[in-house]
Amino acid sequence: MWAYIFTFLWTLLLIIPGIIKSIAYSQAYLIYKDSVDSGNPDVRYLECITKSRALMNGHKGEYFVLQLSYLGWAILSGITLGIGFIWLVPYMRATNTNFYRHLVK
């Protein structure tokens, strides 16, 4: 929720800073999930956003290209009246999770 609010505020400045910050905050949910699974349920979400920004330093371009690679599949899924999203969304989630695992290593 906080990531959406911060991204919206950055987008008010211009579109490009909003995109950059949304990429920087993109790993916050996975960091939160890892923290909770490792036995730290009291982790604050703002800490996860800060860790996500640090984790994405130097990797924003890679993540942006990864997201662009879904564009063709999203168009094809839209042509099928949304049925293609049944396969696209799990594929995107799995790929983004593997990207996060690659960053953590």
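The largest pocket has a volume of about 340 Å³, a volume being the space filled by probe spheres set on grid points joined across faces, edges and corners. A pocket here is an open set of points on a 1 Å grid over the protein atoms alone where a 1.4 Å probe fits, with protein on both sides within 12 Å along at least five of seven lines; lining residues have an atom within 4 Å of a point. This is a predicted model: local features need pLDDT of at least 70, side-chain atom pairs count only at pLDDT 80 or more, and totals for chains, interfaces and linings use all residues. Residues are numbered from 1 along each chain as its sequence is written, and side-chain values use heavy atoms, without hydrogens or water.

Among the residues lining the largest pocket are Ser-26, Tyr-63, Arg-93 and Asn-96. Helix α7 (85–104) provides the largest share, four residues; helices are DSSP runs (H or I, at least four residues) numbered from the N terminus.

The second largest pocket holds about 240 Å³. Its lining includes Ala-3, Tyr-4, Thr-7 and Ser-26, and α1 gives the largest share, three residues.

Finally, the axes of α1 (residues 2–13) and α4 (residues 45–55) come within 10 Å and cross at roughly 60°. Trp-2, Ala-3 and Phe-6 of α1 meet Tyr-45, Leu-46 and Ile-49 of α4, contact meaning heavy atoms within 4.5 Å.

Key:
Axes fitted to C-alpha atoms, helices over the stretch in contact; angles between N-to-C directions. Helix = DSSP H or I, 4+ residues; strand = E, 2+ residues; numbered from the N terminus.
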